Amino acid sequence: MVKGLYTAYTGLVNQQNRLDVLTNNLANSATNGFKKEGTTTKTFGETLAIKIKDTSDFGIPKRLGEITPGVEIGENYTDYGQGPFRVTDNVYDIALDGDGFFAISFTNKAGETSVKYTRDGAFTVNTQGYLVTKDGDFVMNKNGALNSNPGEGSYIQVDPNVEVIIDEQGYLYQNNQEIGQLGVVDVADYNFIEKYGENMYQLADGGQIQDSQAKSVQGTLEMSNVNVVSEMVEMITISRLFESNQKIMQTTDETLEKAVNNLGRI
């Protein structure tokens, strides 16, 4: 194996992975509540070998040289930092100021219902008066969210003909009477939450739900936390690094060609 070729190859794969994540961020820069992703890299672990029939090392594994074989793709991560707010003056648009998520009773194409979480507060009211997402999934109340119960008893129903007022604690009022509370909860450890679609999340095995201290802001939406300018600058950097690795592969290939075609004649 020619280490130069392999090292450049791993560099190309790594930059391609970075570009894939970056383009997904840019594609969702206008998605409400979207949280951008980032990438990490790491070096390959030490490669060990045992010399056959060599008793001088007593069969102890030794490293294969001092040159690293390139870069390895690490884990992707999500930046849960809060995005900027946009005032819409729509009474059913709600932003969360602080850590937390809206609990949603989500039904997939197979008809299976489960609890998902989102920062996208662009809600509306359906024909039955239930508070739903733009895709028609039901927004859950506080009790249902804390108990992870996506059933009908966890839905929030309002009178669409009466003004709705939502305070900072997520309580909904109509005619000066409390009619429910938004199911805003948080996750004890964000390592146990994973993305589901564009702007929804679900608990991984071992995840625990807890109450959230986030404030509800009515008539406002949280936008994506993707900074388009920063992402474009990063894209330029990735493109240059990709080209550099391509050049290394090309140069190494030309060197090998000369070694095979010219040195072999001597």
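**Exercises around arginine 119**

The backbone oxygen of leucine 96 sits 2.9 Å from a polar atom of the arginine 119 side chain. Keep that in mind as you work through this predicted model.

**Exercise 1.** Work out where arginine 119 lies, and whether arginine 119 is buried or exposed.

*Solution.* Start with the chain: arginine 119 falls in the loop between E10 and strand E11 (124-125). Next, check the relative accessible area, which comes to 4%. The cut-off for buried is under 20%, so arginine 119 counts as buried.

**Exercise 2.** Find which side chain makes a polar contact with the side chain of arginine 119, then list the contacts of arginine 119 beyond its neighbours within four places in sequence.

*Solution.* For the polar contact, go to the side chain of glutamate 222, at 2.8 Å. Now widen the search, skipping those sequence neighbours: you pick up Gly33, Lys35, Gln82, Leu96, Gly98, Asp99, Gly100, Phe101, Phe102, Asn199 and Glu222.

**Exercise 3.** Say how strand E10 pairs with E9 and with E19.

*Solution.* Take E9 to begin with: residues 101-107 pair with E10, residues 113-118, in the antiparallel sense over six bridges. Then look at the hairpin, with five residues between the strands, where glycine 111 has a positive phi near 85°. Finally, turn to E19 (residues 200-203): E10 and E19 run antiparallel and are joined by two bridges. Here tyrosine 117 stands opposite tyrosine 201 in E19.

Technical notes
Residues numbered from 1 in each chain as written. Predicted model: local features only at pLDDT ≥ 70, side-chain atom pairs only at ≥ 80, totals over all residues. Heavy atoms only, no water. Pairing = 2+ DSSP bridges. Helix = DSSP H or I, 4+ residues; strand = E, 2+ residues; numbered from the N terminus. Buried < 20%, exposed > 50% of the residue type's maximum accessible area, 1.4 Å probe, protein only. Polar contact = N/O pair within 3.5 Å; in protein donor to acceptor, adjacent residues only side chain to side chain. Contact = heavy atoms within 4.5 Å.
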